[in-house]
Amino acid sequence: DVKSFRNGSSGEGGTSYYAFWSTAKSGIFQLSVSVTCKLSFLFPIQGEHLGVMEATESFFAMTKLFQSNDPTLRRMCYLTIKEMSNLSEDVIIVTSSLTKDMTGKDDNYRGPAVRALCQITDTTMLQAIERYMKQAIVDKVPSVSSSALVSSLHLLKTSFDVVKRWVNEAQEAASSDNIMVQVRTLRPHFLDTWEVFDLWFCETKSSISILFAVPYNVVVLIIIIIIIIIIIIIIIIIIICLQNCKITQLVAMKHPSAVTACNLDLENLVTDSNRSIATLAITTLLKTGSESSIDRLMKQISTFMSEISDEFKVVVVQAISALCQKYPRKHAVLMNFLFTMLREEGGFEYKRAIVECIISIIEENSESKETGLSHLCEFIEDCEFTVLATRILHLLGQEGPKTNNPSKYIRFIYNRVVLEHEEVRAGAVSALAKFGAQNEEMLPSILVLLRRCVMDDDNEVRDRATFYLSVLEQKQKALNAGYILNGLTVSIPGLERALHQYTLDPSEKPFDMKSVPLATAPIIEQRTENVPISAVKQPEKVAATRQEIFQEQLAAIPEFRGLGPLFKSSPEPVALTELETEYVIHCTKHTFTNHIVFQFDCTNTLNDQILENVTVQMEPTEGYEVIGSIPAKNLLYNQPGTCYTLFALPEEDPTAVACTFSCMMKFTVKDCDPNTGEAEEEGYEDEYVLEDIEVTIADHIQRVLKPNFAAAWEEVGDEFEKEETFTLSTVKTLEEAVSNIVKFLGMQPCERSDKVPENKNSHTLYLAGVFRGGHDLLVRSRLVLTDAVTMQVTARSGEEIPVDAVMASVG
């Protein structure tokens with residue numbers, strides 16, 4: 001006891017209390033902490049077991065330490081109480097002390113006191129401290145609130161119904177700024193899954209407060225599901241919008257008026273954050289908008305263009321190009337907008353699309369020519385793309401001399417000779433020569449500039465300058481038209497092969513340009529392909545054309561080697577049977593200078609027959625003479641074969657080029673086993689009637705482009721000119737008349753004369769071609785619309801036969 005302790009007498013076991021006589025107060029506290037630590041150490045670590053009486057006596061002795069205010073000792077008391085709560089009797093006597101610490105002012109005691117109190121509290125006593133627990137859950141001190149939340153988690157196991165009533169306080173704690181409290185809020189298992197959904201729909205205040213009511217693993221699962229659902233919904237909305245915009249755009253391409261009602265909704269989509277949707281919306285508006293709405297659309301697009309990639313910009317430019325064709329009177333507004341876009345930064349594809357759009361406006365609308373050329377001249381001053389610079393220089397040489405003041409373009413062109421690299425300089429030299437060939441007043445100045453170009457460092461530039469200089473100094477319009485303005489109309493790969501063949505077989509006979517195949521594609525359609533600049537700079541092997549392939553195939557047949565160069569092959573094979581019949585036959589016509597070859601591609605669709613010695617017997621209605629035929633040796637099941645029939649063109653009346661041929665396929669049939677394919681030795685002769693074949697004037701003319709039709713017209717001269725007037729009684733519009741004439745003659749429209757201006761009652765169509773044998777042929781057709789279309793046809797050629805053939809065919 002204390003009295004014995006003070007007197008220094010021995011206690012039980014002979015222990016002397018004088019050993020602690022000099023111990024200070026702080027030492028006593030350290031000793032108490034040490035004893036409580038050892039006492040707590042016995043239970044979880046060493047596995048020692050105290051009896052109920054020993055634990056109770058130790059517990060009551062330890063409760064006296066609550067009189068001390070030492071923080072470390074007090075916390076050791078809390079820990080010991082928690083460890084001995086299941087062994088000692090009457091543990092609840094410290095409830096008042098723990099409640100006092102729990103509601104006290106010292107925050108260091110409050111949190112541990114909450115955990116210790118909840119450890120010793122049973123279900124009957126929990127309702128007495130429920131008010132304190134609710135206050136602790138929403139306490140502003142994070143350690144206290146966190147302790148209350150963790151203790152609530154343990155109380156769920158024994159007092160679920162009571163703890164369940166603390167949900168509102170837990171939801172309020174979830175709004176705490178402290179991360180530890182938020183995490184503790186997500187942990188408790190207050191409610192089952194159905195109650196979670198009840199809270200979700202009925203008592204939701206925030207997403208975190210909802211999640212408080214579910215188990216931790218369910219919380220994570222719900223969060224993931226919610227995020228996935230939101231993402232899926234957003235993607236579905238975007239896809240639906242994109243598909244709706246695409247469908248609307250497709251409808252707008254064919255039926256713009258049907259989509260006009262959606263314009264207001266489409267204008268709202270222009271500001272959509274998804275640039276794909278915005279691009280489709282604006283391009284659809286450009287197709288469906290009226291002429292009065294163009295100015296407003298251009299303002300919307302100007303703010304929109306800077307926020308999208310070049311790929312989408314190209315789509316918008318293409319839509320503007322279509323709009324230019326629809327409303328040509330708005331060319332000024334559209335041209336200014338395109339030029340503003342042209343000055344901005346962008347890649348090759350974007351710039352190329354703008355340049356092509358401006359060029360198409362110039363070609364379609366003569367009023368916009370000078371404005372467009374001026375914009376393009378400014379662009380090439382800082383153009384970094386060689387392909388675009390040479391394209392613009394070619395256009396300047398073609399259209400610039402026809403303007404009211406052609407001299408203003410010379411400065412821009414000659415700057416390219418001074419400042420650019422060799423490819424652009426060569427293009428500039430060609431453009432200068434075209435100005436000199438069409439304008440006599442400017443010719444002296446052009447000659448001076450070309451003489452300067454003769455001293456250029458590059459071979460190509462020097463050669464062009466020397467060539468054009470020598471031609472222009474002759475001052476002959478025929479030479480200018482033939483060598484500068486229109487140039488060669490032959491196939492370049494074909495010319496190369498013909499020259500190579502000529503060198504391999506030397507001859508005293510001079511090389512004949514008429515032996516070279518003509519260029520099958522019009523120059524105006526040979527636009528730059530969508531390839532990177534690096535690919536453009538690297539020349540690739542030119543693929544053989546369809547006609548060149550036929551030329552090689554026919555030259556390999558001995559019977560056709562003496563026919564000379566192939567002049568023309570029909571663009572598309574003509575079907576002589578239905579696709580569902582037992583034999584499928586297609587015919588391709590090959591025209592030579594004095595002969596025509598019919599190629600029949602045959603397919604046998606019967607698996608129980610083999611055809612041998614297949615030929616096509618033809619009967620002409622005019623003076624064509626059959627020379628012979630080359631049979632297809634056999635036609636197996638579903639394997640194509642080819643046979644040929646050769647005719648000589650009429651000599652007595654060379655103008656009678658149109659003819660109709662009746663056709664009969666003759667062959668030997670041998671039955672065979674469909675499974676093995678083995679045929680019988682003996683067969684029988686059979687024949688099959690085919691559709692008739694027509695040869696028209698178009699089969700004798702190869703279309704070529706004359707960029708300057710007036711110069712070509714003067715070059716040919718009027719020696720073999722003929723003119724006649726016809727009435728097209730069945731044609732009701734100028735557009736239909738132009739289309740029928742171009743298709744019938746098979747000639748190339750020049751200077752965009754195949755486009756008839758709106759609200760016009762008269763029009764002039766210019767056509768150019770080469771008649772078989774290499775004779776240039778030009779046709780000028782003046783059309784006037786009254787009740788019917790009246791056509792005045794004028795034809796010129798260097799020979800009489802082509803002119804007579806055209807007039808005979810038209811009549």
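Author: Strand E5, residues 609–620, and strand E9, residues 659–671, run antiparallel and are joined by ten bridges. Strands here are DSSP runs of E with at least two residues, helices are runs of H or I with at least four, and both are numbered from the N terminus. Two strands count as paired if DSSP finds at least two bridges between them. The model is a predicted one, so local features are given at pLDDT of at least 70 and side-chain atom pairs at pLDDT 80 or more, while totals for chains, interfaces and linings use all residues. Numbering starts from 1 along each chain as its sequence is written, and side-chain values use heavy atoms, with hydrogens and water left out.

One of the bridges sets Ile 610 against Lys 670 in E9. Asn 613 also lies in strand E5. Its phi is positive, about 50°, although Asn 613 is not a glycine. Most residues other than glycine have a negative phi. Asn 613 is partly exposed, with a relative accessible area of 47%; buried means under 20%, exposed over 50% and partly exposed in between, computed with a 1.4 Å probe on protein chains only.

E5 and E9 belong to an open sheet of four strands in the order E7-E5-E9-E10, with antiparallel pairing. Strand E7 (632–635) and strand E10 (684–695) are the edge strands, each pairing on one side only. On average, neighbouring strands of this sheet are turned by 30° against each other, direction ignored. Such angles are taken between lines fitted to C-alpha atoms (for helices, over the stretch in contact) and run from 0 to 180 degrees between N-to-C directions.

Another set of pairings involves strand E8, residues 641–648. Seven of the eight residues of E8 are buried. Strand E4 (residues 595–604) pairs with E8 in the antiparallel sense over eight bridges, and in this pairing Gln 599 stands opposite Tyr 644. Strand E6 (residues 625–630) is also antiparallel to E8, with five bridges; here Gly 628 faces Leu 646 of E8.

H34 has twelve residues and reaches 17 Å from its first C-alpha to its last, close to the 16 Å expected; the expected span is 1.5 Å times one less than the number of residues. Its buried residues are Leu 734, Ala 737, Val 738, Ile 741, Val 742 and Leu 745. They lie on the same side of H34, because they cover an arc of only 125° around the axis. That arc is the one spanned by the directions from the helix axis to the C-beta atoms. At the N-terminal end, Thr 733 caps H34, with a side-chain oxygen 3.2 Å from the backbone nitrogen of Glu 736. Just after H34, Gly 746 takes a positive phi of about 65°.

A polar contact links Glu 399 to Arg 752, side chain to side chain, at 3.3 Å. The term covers a pair of N or O atoms within 3.5 Å; within protein, one must be able to donate a hydrogen and the other to accept it, and residues adjacent in sequence count only if both atoms are side-chain atoms. Glu 399 sits in helix H24 (residues 386–399) and is buried, with a relative accessible area of 2%. Apart from neighbours within four places in sequence, Glu 399 is in contact with Lys 369, Leu 373 and Arg 752, where contact means heavy atoms within 4.5 Å.

Asn 480 is another buried residue, at 7% relative accessible area. Asn 480 is part of helix H29 (residues 477–485). Beyond its neighbours within four places in sequence, Asn 480 is in contact with Ala 437, Val 471, Leu 472 and Leu 485. Lys 475 lies in the loop between helix H28 (459–472) and H29. Lys 475 counts as exposed, with 63% relative accessibility, and has a positive phi near 55° without being a glycine.

Lastly, Ile 129 occupies the loop between helix H7 (123–126) and helix H8 (130–137). Ile 129 is buried, at 4% relative accessible area. Not counting residues up to four places away in sequence, Ile 129 touches Thr 99, Leu 117 and Thr 121. Thr 95 is 34 residues from Ile 129 in sequence, and the two are 9.4 Å apart, C-alpha to C-alpha.
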